[in-house]
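Good morning, and thank you for coming.

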Amino acid sequence: MDKGDTAWVLTSAALVLLMTPGVAFFYGGMVRTKSVLNMLMMSLGSMGVVGVLWVLFGYSEAFGKDVAGGWFADPFEFWGLKGLLGADSLSGTIPSTAFVAFQAMFAILTVALISGAVADRTRFGPWLVFAAVWVTLVYFPVAHWVFDFDGKDAAGNVTDPGGWIANQLKVIDFAGGTAVHINAGAAGLALALLLGKRHGWPKEPMKPHNLPLVVLGAGLLWFGWFGFNAGSALGANGTAAVTFINTLVATSAALLGWLIVERFRDGKPTTLGAASGAVAGLVAITPACSAVTPIGAIAIGAIAGAVCALAISLKYKFGYDDSLDVVGVHLVGGIIGTVLIGFFASAEAPAAVDGLFYGGGWDQLWRQVVGALAVLVFSFVATLIIGMVIKYTIGFRLDPEAEVTGIDDAEHAESAYQQGGINSRGSIKASALQGSKA
Amino acid sequence: MKLITAIVKPFTLDDVKDALEQLGVFGMTVSEVQGYGRQKGHTEVYRGAEYAVDFVPKLRVEVVVDDASVDKVVEVIVDSARTGKIGDGKVWVTPVETIVRVRTGERGTDAL
């Protein structure tokens, strides 16, 4: 066990956890005042449901022994983290439970990311059911494919086979371009199609109600993302430092890329554009941060910022209400980052593979394309099926009248802002005062 | 007595208020309102989606004065709220039947 590595991974785990409230604020600021609390609650709901499931069987289903021909790992091998608590239970140079904690945050975040596609109209109970079923049937298996590397003995023989995308296909996905972002983006697209448009979209104005909140969320995401990417080195080492600097510079370039598109398309660079560009850059550099030089990171970031800024208009063209652009930012950004590794990978970087532009030929590129497509198709189809089952059994969507009045009131009996209007007064129900002396 | 209602650009409020105080008008009611006239609205863009914002923020200033001061008060408001650009606002005058000071019960011009 290495103390420095352990300290860094535990710190990174906490950083990644902070990204989920970051997503909550990022999304929450973009919706209208009548639905900001529900937006926050979808992320908080994921923190509740997925946190518990991860410890019960999620970790085991992603990182245990292969079952079902490698579709997923045995959910009961480490049920409740049994057998992982001893001082001799290690994952590389860190305690197994440090790795469990770090990976838990990824699962929580991925579900929270999806929520932006179905803002303002998703009933909270069915959302929690969806979160539980989706992580079990989609995220945990995909995490197994992408993040579970073969366990080998001293002679290099495989003793504990891991996932096929990481080991057979040898896709480079350092921190989750496929498992987290393409996965969440494809699921968001499926749910947006399944639930349908919000009442009044796209004719009715649905302006973001609080852009400072969006920027706060983007800031928390950027901060936490250093844990997400540099923490994925699973050690306090040079790989962590390289991925850290790539995470910085790709995001900076993406922010500029998005603003440049806005300047020429819309006339003015916007705050929302800067925040969105930063997130697009973070998404794109996630798989690539170990595989490219800082110059490659700038290229990937700039391309992601500019292309995502253009991709968000697809929903108007095709008429699906991906409310907060989970597709335009996470699916498109995830594909860009995953596929561009095939072009920009450099043997100088920790992953030590050359891409097409560095004389490595087509080999890595086709692996990246196949890996991205596999996760996209699986996530989209599986999400559609899960969503349909929920839709036609317990129902998924809020009724139209409650949606127009506001989901915060309908689903949570709260309103976000008490700004001195006549309704901030109210009167306390007599039942609440029983037993009170005042 | 007359009620003078002025719709003005928000940033002119201090000038309007100072000018009225110098004239001896003690008291006014100000409210934030949204509207448009010839100026029309403006356009905002969020992630490439354009929104026409039809209504522009304005302030509504209301003062009640005696008949003799009406012309002077209107003139002072118009002078202090004018920028010469489109969207400076409007001022109108309506008759007031009576007025009561709540604290004392005084009526008419005594209550001003």
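**A bent helix and a spread-out chain**

Helix α2 of chain A bends by about 70° at A:Trp54; the bend is the angle between axes fitted to the seven residues ending there and the seven starting there. Please note that this is a predicted model, in which local features need pLDDT of at least 70, side-chain atom pairs count only at pLDDT 80 or more, and totals for chains, interfaces and linings use all residues. Residues are numbered from 1 along each chain as its sequence is written, while chains are lettered from A and ligands numbered from 1 in the order in which they are written.

Helices (H or I, at least four residues) and strands (E, at least two) are DSSP runs, numbered from the N terminus. Helix α2 covers residues 36–63 of chain A and spans only 36 Å between its end C-alpha atoms, whereas a straight helix of 28 residues would span 40 Å at 1.5 Å a residue, taken as 1.5 Å times one less than the number of residues. Is this helix mostly covered or mostly uncovered? It is mostly covered, with 21 of its 28 residues buried, that is, with 20 or more other C-beta atoms, placed from the backbone, within 10 Å of their own.

I turn to chain B, which has 2 helices and 6 strands. Its radius of gyration is 17 Å, well over the 13 Å that the globule rule gives for 112 residues, so chain B is more spread out than a compact globule. The radius is taken over C-alpha atoms, and the rule is 2.2 Å times the number of residues to the power 0.38. The C-alpha trace of chain B spans about 60 × 30 × 20 Å along its principal axes, and 15% of its 112 residues count as buried.

Terms used. A residue is buried if 20 or more other C-beta atoms lie within 10 Å of its own, exposed if 12 or fewer, and partly exposed in between; C-beta atoms are placed from the backbone.
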